[in-house]
Each structure stands twice: as structure tokens, then as C-alpha cells.
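Colleague: I would like to learn how to read the features of a model like this one. Could you put the sequence and coordinates up and take me through them?

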Amino acid sequence: MKVWFSLLAVIILALTAWVGVEILHLNTLFGIIIPYTAIAVFIGGFIIRVVRWGKSPVPFCITTTCGQQQSLPWIKQNKIENPTNTWGVIWRMVLEVTLFRSLFRNTKTEKIEDKLVFGSAQWLWFGSLVFHWSMLIILLRHLRFFLNPVPGLIIGLESLDSFLQIGVPLLYITDVLLVAALTYLFLRRVMIPNIKYISQIADYFPVLLLLGIAASGILGRYVYGVDVAAVKELTMSLVSFKPTTSTTIGTIFYIHIFLVSSLAVYFPCSKLMHAGGIFLSPTRNLANNSRIERYINPWNYEVEKHHYSEYEDEFRDKMRKVGLPLEKE
Ligand code: HEM
């Protein structure tokens, strides 16, 4: 049910753009107003969530990392896993963000002949890495629509990505990798029973939406041959805040851009915010220096003390009357 609902949602989004542009000719709405609104929601929503996370107090150095912490000189410290200074934290974060280091430790649990067996499972790590890197390269390549002149670095990236020289227009390797990785990530959720059991619409929908974005982009490039010059005119008019509508760009482009806008609006209120959240994760951004530096809980309030001597001063007469022993007569 949850899978079908998510798929239906993506299909309805695509159909909305198709009806809006192909039948109702609402090019301004789908080419200008919706993308602008989506970007505003994305930026505003992203900032609000990061600021809210940033405001949540972390009064103690509560590192819950694995790996040997700095200890006696003859015990080898795991400097990447359990750093004691900021440079170590930066290095751990760089490796986490670029290589998904902690996901590499992913394990699977199986029951084999009535025994619980643990094993490492790297396919999820590999699939996620391929998906994220392909998407990053695709987004960097897309900068050619938003920058004039197009920087040499982007042109170089395009040539590298299409170096296999297959077909006209040239096939981008990242297009194949993106679709393959997303398909794997989706099938993994549908086909592995225990993962399916814990999967929600919030898990299926983003994967299917990204597949929809990739499919519409790929159709636009390889099948319908979108008028790239007209697209560039539109995107340059958008980034220079002098928007002009275009009627020569095919509907498939509007479907693509509408799905991207939907993703942008959905992003800040979804689990996709892990892109920003990773930097605020205490297990990744705290140095384990609690044995080197003294941490004092800033919430500790002054406790009013009432010493025994003061107590005795207050109740001496009463205590004497009932014969209780006194320290001071
Ligand atoms: C999450 C964001 C986006 C993703 C994942 C994405 C993905 C893709 C993919 C996989 C393709 C296939 C060809 C290629 O790789 O270049 C494509 C093509 C295309 N995309 Fe996107 N896209 C995104 C955002 C955008 C935006 C914001 C625009 C606005 C200009 C856009 C415009 C296009 C166009 C015009 C093509 C056809 C390119 C060509 O014919 O060479 N895309 N997109």
C-alpha cells in the first residue's frame, strides 16, 4: 500500500505538470512562479531546521563513538574514530561526508541453523555512495544552465562523465549510475522483508521522486531532445531576477522542473535533511576530550545549602527541650 501510494503521488505530480503546461498552457506558473516559491521554501525551511537543531543544548561532551580513545601512552588511539581535537573532528567529518565511513560498518543479522549470525553488509554503503556521488556530479553539471560563461571545470566534468562516447547526445555515466543506484535502494526496501516492515511512505516517496526526476531528465535529454538553448535563456532569466517565459521548451522539461520543485519543498520537512543534520550530529562533531578538559554543566544552578550547624542554631532550644544531643551547647 505504502509503495503504491508513494508511486501514485509521484505520478500525480508528473501529471499535474503535464496538464498544466500541455493543456492549460500555464508556462509562467510552472516555469517561474513554482520554481521561485520552491527555492524560497527550500532555503527558508533548511535554515529554520538547522537553526533549531543548533539551538538545542549540548551541555556535556557526550561522545558516543567507537574506537579507542586517547589513554595511556602505550595504548594506540584511534585518531579518526575517536579524535581529541578539532582537526581530528574535521577529518572524521570529511571522511563521513565523502565516504560514508560509519555506514561501512553496517551489519546484517541472520538466523542460520538456529544460531544468530552477524555479518558485514556493504551493499547499502556502496549503493548510497554511488547514488550520492552521481547526484552531486549531475547537479554540478547542471550548473551550465545557471552560469554564463560556463566554467572550464564544469565543461571538463561533462567530458569526463561522457568519455565513453556512446550515442548522440553522449551518454553520461552518472545517469546510468544514478538510476541503477536508486533502483537498488528502492528494491532493497521492497524485497527484503524486515526492511519492508520498517519502511514508511517517507522512505519510498523520496526515492521514487528522485527516480521520477532522473527519468524526466533522461527522457528530456535522450528521447525528446529538450531545447537546451531555450532552457538556458529561462534559467538565466530566473537567476538574474528578470524572468521571461518560454513556449519552445518541451513539456518534459516542465515535468522535470516541477518534480525538482516538489523535491525542494519536501526536502526541509523530510528525512532528506540528513544532508544538513550530519554536521550537527554529536557523535560526529564532538571531540572526545572529556578527560582532558573539565566540562561544567551550564545548567547547574546555585544550590541553597543549609549546614548542620545552621540547623542546630535554628532548632537548638527545641532540641534541648526534647533531650537531643547537641554539638554546641
Ligand atoms: C534535484 C535536482 C536535479 C536532478 C537530480 C536532475 C537530474 C537530471 C538528470 C539525471 C538528467 C539527465 C541528463 C543529465 O544527466 O544531464 C537531467 C537533465 C536535465 N535537467 Fe535536471 N536535474 C535536477 C535539477 C534540474 C534543474 C533545477 C533544472 C533547471 C534548469 C534541470 C534541467 C535539466 C535539463 C534541461 C535537462 C536536459 C539536459 C540535456 O538535454 O542535456 N534539472 N536532469
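Modeller: Start with accessibility: arginine 316 counts as buried because its relative accessibility is 14%. The cut-offs are under 20% relative accessible area for buried and over 50% for exposed, with partly exposed in between (1.4 Å probe, protein chains only). Before going on, note that this is a predicted model, in which local features need pLDDT of at least 70 and side-chain atom pairs count only at pLDDT 80 or more, while totals for chains, interfaces and linings use all residues. Residues are numbered from 1 along each chain as its sequence is written, and side-chain values use heavy atoms, with hydrogens and water left out.

Colleague: Which residue forms a salt bridge with arginine 316?

Modeller: A salt bridge is a side-chain nitrogen of Lys or Arg within 4 Å of a carboxyl oxygen of Asp or Glu. Here the partner of arginine 316 is aspartate 313, with 2.9 Å between the closest N and O atoms. Both sit in helix α14 (residues 308–321), 3 residues apart, so about one helical turn separates them. Helices are DSSP runs (H or I, at least four residues), numbered from the N terminus. Aspartate 313, at 43% relative accessibility, is partly exposed.

Colleague: How far apart are the closest N and O atoms of aspartate 317 and arginine 320?

Modeller: They are 3.6 Å apart, and the pair forms a salt bridge. This pair is also 3 residues apart in helix α14, about one helical turn. Aspartate 317 is exposed at 58% relative accessibility, and arginine 320 is partly exposed at 39%. Elsewhere, salt bridges with shared partners join Glu81, Glu96, Arg101, Arg105 and Arg284 into one network.

Colleague: How many salt bridges are there by this rule?

Modeller: The count is 13. One of them joins the side chains of glutamate 81 and arginine 284, at 3.8 Å from N to O. Glutamate 81 lies in the loop between α2 (27–55) and α3 (86–99) and arginine 284 in helix α13 (residues 282–285), so the bridge ties together parts 203 residues apart in sequence. Are these two residues buried or exposed? Both glutamate 81 and arginine 284 are buried.

Colleague: Which residues come nearest to the ligand?

Modeller: A residue counts as near if one of its heavy atoms lies within 4 Å of the molecule. The shell has 21 residues, of which Arg141, His142, Asp175, Arg221 and His256 come nearest. By class, 13 are nonpolar, 4 polar and 4 charged. At least two shell residues come from each of α5 (123–142), α9 (201–223), α10 (228–239) and α11 (251–266), and α11 gives the largest share, 5 residues.

Colleague: What lies 2.7 Å from a nitrogen atom of the ligand?

Modeller: That is a polar side-chain atom of histidine 142. A side-chain N or O atom of histidine 256 is 2.8 Å from a ligand nitrogen, and a polar side-chain atom of arginine 221 is 2.8 Å from a ligand oxygen.

Colleague: How many disulfides does the structure hold?

Modeller: A disulfide is a covalent bond between the sulfur atoms of two cysteines. With a cut-off of 2.5 Å between the sulfur atoms, the structure has 0. For cysteine 66, the closest cysteine sulfur is in cysteine 61 at 15 Å, too far for a bond. Cysteine 66 is partly exposed at 36% relative accessible area, whereas cysteine 269 is exposed at 60% relative accessibility.

Note on methods
A polar contact is a pair of N or O atoms within 3.5 Å; within protein, one must be able to donate a hydrogen and the other to accept it, and residues adjacent in sequence count only if both atoms are side-chain atoms. Ala, Val, Leu, Ile, Met, Phe, Trp, Tyr, Cys and Pro count as nonpolar, Asp, Glu, Lys and Arg as charged, and the others, Gly among them, as polar.
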